[in-house]
Amino acid sequence: GAVGVWAVQLAKVYGAEVTAVDAPAKLDVLSQLGADHVIDYTRHDFTSMGVRYDMVFDIVSQARFSQVRRALQPTGTFVLIGHDQYGRSGHRVLGSIGRVLPLMAMAPFVKQLPGIHSGPPREQNWATIVDLLSTDRIRPVVDDHSFSLDEVVAALDFVTSGQTLRMDLEDLRLAIYESFASTGHVPAQWQWEASEVAQGLQKLAAARHVVLNSAGDIVMAHPFASIPLGFSVMGTDTLWWGGCAWDSFALPHLLPSQSPVLVATRCPGCGRALSWNVDTTAPPVGDEIAHFLVPVAHIWDDVVHTCSNQSLFCSMNCVDGWLENTGNDRGYTMDLTTLWNLASGWYAGRLDRGYVRRDPSEAADYFREAGLRGSFWGL
């Protein structure tokens, strides 16, 4: 919340080894802020785990001091912030006062209670904070909720509700991509509430980071696919469905530790099995031809249909025969070298936090550099 995100970061700035205790949905954020260890309080009681700390910084006052002492070094310090909205003092008439006063009375007799001390002047505190922010040693955390200036009261109520730092959309995107990259599948389970995930997936789909079916399930997260679309890609220890020729040739570039990969498919024209070893150093050797049916301007009209028709054929004769049999108009053909050039850098950075998709002008420049030409590519 409004205190913990700063407590973790400031403790790290001053050299502490930090263990953060919170609800499961917030643990990833705390790790990203620098926490060395995280504990899910819904599953574990940190005071009963046999670890003793030099300081316990208690923000929401869930545990009694008698419990906390079990987790303190004899020379450790207990700092109580307390919060009148939740914890053991939540919504009581006197808030946390009923807890603070007994601790103040005990402080002269218990070394682990620091009593009341005056800190540095407020101006000095703010100067320190400004310096840490300007040098990126601490940072604010903003979730995806926003409020107008005339909704300040609602915004503060939201902060004290404990609902902040729920699911971050980028965390969801990375969870999907990291699962695909390491296992070839969508995540088996989520760390967030199902309703949050469903809403997040819709937002990711609107931003074209994922493709969903009518049930809201992930079908594609380019270059990965959760359904068979005509290609398989085998790395050193993982097997993926290849979404299309483009995506299949892109996988070793996105995952260089898996290179070379074995890309396999069947020629749509004659049914012959085709395969290539694709790596990051040079295009595979071969006379096969890639045929893309749908122009780039209409890729997202039905992206599954588009990907299903970015295929590899034995030869131009097989392309011509397939077009005649299906009644489709000719799209765009390219050799393996051009396909490899197209795929090699297209998904660069997609596994990184903060990835941003290319805008149309950047995409056009990329297509030109890959050797593509004509209106099919918007050029």
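How many helices and strands does the protein have? The protein has 13 helices and 14 strands; helices (H or I, at least four residues) and strands (E, at least two) are DSSP runs, numbered from the N terminus. This is a predicted model, in which local features need pLDDT of at least 70, side-chain atom pairs count only at pLDDT 80 or more, and totals for chains, interfaces and linings use all residues. Residues are numbered from 1 along each chain as its sequence is written, and side-chain values use heavy atoms, with hydrogens and water left out.

**View 1. The whole protein.** Along the principal axes, the C-alpha atoms fill a box of roughly 90 × 50 × 40 Å. Buried residues make up 39% of the 379 residues; buried means under 20% relative accessible area, exposed over 50%, and partly exposed in between (1.4 Å probe, protein chains only). Among contacts with a separation of 6 or more, 56% are between residues 24 or more positions apart; contact means heavy atoms within 4.5 Å.

View 2. Seven strands form an open sheet in the order 5-6-7-9-8-10-11, with antiparallel pairing. Strand 5 (211-212) and strand 11 stand at the edges, each with a single partner strand, so one side of each is left without a neighbour in the sheet. Two strands pair if DSSP finds at least two bridges between them.

**View 3. Strand 10 and its two partners.** Strand 10 (residues 261-266) pairs in the antiparallel sense with strand 8 (residues 231-234) over three bridges. With strand 11 (residues 273-278), strand 10 pairs in the antiparallel sense over six bridges. Ala 264 can be followed across both pairings: Ser 232 stands opposite Ala 264, and the bridge partner of Ala 264 in strand 11 is Ser 275. Strand 10 has a covered face made of Val 261, Val 263 and Thr 265, while Leu 262, Ala 264 and Arg 266 make the uncovered one. Strands 10 and 11 form a hairpin with six residues between them, and Gly 271 in the turn has a positive phi of about 85 degrees.

**View 4. Helix 9.** Is helix 9 (residues 245-254) enclosed or open? In this helix, 10 of the 10 residues are buried, so helix 9 is largely enclosed by the rest of the structure. The buried residues include Trp 246, Phe 249, Leu 251 and His 253.

**View 5. Trp 340 and its surroundings.** Trp 340 lies in helix 12 (residues 336-344). The residue is buried, with a relative accessible area of 10%. Leaving aside neighbours within four places in sequence, Trp 340 is in contact with Phe 249, His 253, Val 278, Asp 279, Thr 280, Thr 281, Ala 282, Pro 283 and Pro 284. Two of these residues, Phe 249 and His 253, are listed among the buried residues of helix 9. The C-alpha atoms of Trp 340 and Ala 198, 142 residues apart along the chain, are separated by 35 Å.

**View 6. Two cis peptide bonds.** Most residues other than glycine have a negative phi, and most peptide bonds are trans. The peptide bond from His 222 to Pro 223 is cis, with omega near 10 degrees. Pro 223 sits in the loop between strand 6 and strand 7 (224-225). Another cis peptide bond joins Ser 259 and Pro 260, with omega about 0 degrees. Pro 260 is in the loop between helix 9 and strand 10.

**View 7. Two positive phi values outside glycine.** Asp 136 is not a glycine, yet has a positive phi of about 60 degrees. Its place is in the loop between helix 5 (122-134) and helix 6 (152-160). At 69% relative accessibility, Asp 136 counts as exposed. Arg 208 likewise has a positive phi, near 65 degrees, and is found in the loop between helix 8 (194-206) and strand 5. Arg 208 is partly exposed, with a relative accessible area of 38%.
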